[in-house]
Amino acid sequence: MIHVSEKADRKLIEYLSRLDSVSIVKSTDTVYPQVSSHPDIYMCSLDGRIISAAEGELTYRYPGNCRFNAACTGKYLIANMDIISPRLKEAAASYEFIHVRQGYAKCSIACIDETHIITSDEGIYLACRDRLDVLRIRSGHIILPGFNYGFIGGTCGRIGDRIIFNGKVTDHPDGREITEFIHGTGLELIEFDYPLTDIGSIIYER
């Protein structure tokens, strides 16, 4: 099962539908409108095991809307540990925790594999660089309606041996570095010919 926002481009949804069944996350009034259909607000994937927010666990605005916004690499769980749900912490007890100040950790991190991530967030870069291979890219150049820009983690997800983007990541100023970084792990990069847009991650459930 692949979880993706209702705001994802039709081309992306059609592509994902050829890989697995797709669950479309629709907007709710649980959190504020700009992120109300973003899967990474409502759920966290622990290597394909989904931990979802229950009724009443999220609040409309930050920080209460970030309780499940954590990035799992397969070895590490990266999140603001002061914010995330105690239930998620318990479910992720077998992972090594990396605390970051950024509440929107998953939005800000593209998880490539167990030891490789991409982010534009300086705090995440500094917190992770000693334990992970981190590609730090420039901020901006990603669309998120209602904000000046979006974040790299919210544009993509890993399905099998593919890192799939909602838009054309090679048009990003650091597109070449992103491409080389992903290919260097042996994974394939999939993109589409429209502007790179933050839709709150593409989340795979085994």
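Reply: Strand S12 (residues 162-165) and S13 are joined by 3 bridges and run parallel. The model is a predicted one.

Me: Which residue stands opposite isoleucine 164 in S13?

Reply: Isoleucine 190.

Me: And what is the strand order in that open sheet?

Reply: The order is S11-S12-S13, 3 strands with mixed pairing. Strand S11 (156-159) and strand S13 (188-190) are at the edges; each has a single partner strand, so one side of each has no neighbour in the sheet.

Me: How many degrees does the twist average from one strand to the next?

Reply: The average is 25 degrees.

Me: Which strands of the sheet does helix H1 touch?

Reply: Helix H1 (residues 10-19) packs on the sheet and touches S11, S12 and S13. The direction of H1 makes about 155 degrees with that of S12. Helix H6 (residues 175-183) also packs there, touching S12 and S13, and its direction makes about 140 degrees with that of S13.

Me: Switching to S8. Is it mostly covered or mostly exposed?

Reply: Strand S8 (residues 109-113) is mostly covered, with 5 of its 5 residues buried. S8 runs antiparallel to strand S9 (residues 116-119), and 4 bridges join the two.

Me: Now the hydrophobic part. How many residues are in the largest nonpolar core?

Reply: There are 27, and the ones with the most contacts inside the core are Ile41, Leu46, Ala70, Leu77, Ile84 and Leu88. At least two residues each come from helix H2 (39-42), strand S3 (43-46), strand S4 (49-52) and strand S6 (76-79). S3 gives the largest share, 3 residues.

Me: What is leucine 77 in contact with, leaving aside neighbours within four places in sequence?

Reply: Its contacts are Cys44, Leu46, Ala70, Ala71, Cys72, Ile84, Ala92, Tyr95, Glu96, Phe97 and Ile98. There is also a second, separate core of 17 residues, with Ala110, Ile152, Phe165 and Ile178 among them.

Me: Why would such residues sit together?

Reply: In soluble globular proteins, nonpolar side chains tend to be buried together.

Me: How many disulfides does a search of the whole structure find?

Reply: 0. For cysteine 44 the nearest cysteine sulfur is that of cysteine 72, 6.2 Å away, against a disulfide cut-off of 2.5 Å. Cysteine 107 is in no disulfide either; the nearest cysteine sulfur belongs to cysteine 66, at 6.9 Å.

Me: Last topic, glutamate 57. Where is it?

Reply: Glutamate 57 is in the loop between S4 and strand S5 (71-72). Not counting residues up to four places away in sequence, glutamate 57 touches Ser52, Gly64, Arg67, Phe68, Ser85 and Arg87.

Me: Which side chain makes a polar contact with that of glutamate 57?

Reply: The side chain of serine 85, in a polar contact of 3.4 Å.

Me: And how many residues apart in sequence are glutamate 57 and phenylalanine 68?

Reply: They are 11 residues apart in sequence, and their C-alpha atoms are 9.4 Å apart in space.

Methods: Residues numbered from 1 in each chain as written. Predicted model: local features only at pLDDT ≥ 70, side-chain atom pairs only at ≥ 80, totals over all residues. Heavy atoms only, no water. Buried < 20%, exposed > 50% of the residue type's maximum accessible area, 1.4 Å probe, protein only. Pairing = 2+ DSSP bridges. Core = buried A, V, L, I, M, F, W, Y, C linked by side-chain atoms within 4.5 Å. Contact = heavy atoms within 4.5 Å. Polar contact = N/O pair within 3.5 Å; in protein donor to acceptor, adjacent residues only side chain to side chain. Axes fitted to C-alpha atoms, helices over the stretch in contact; angles between N-to-C directions.
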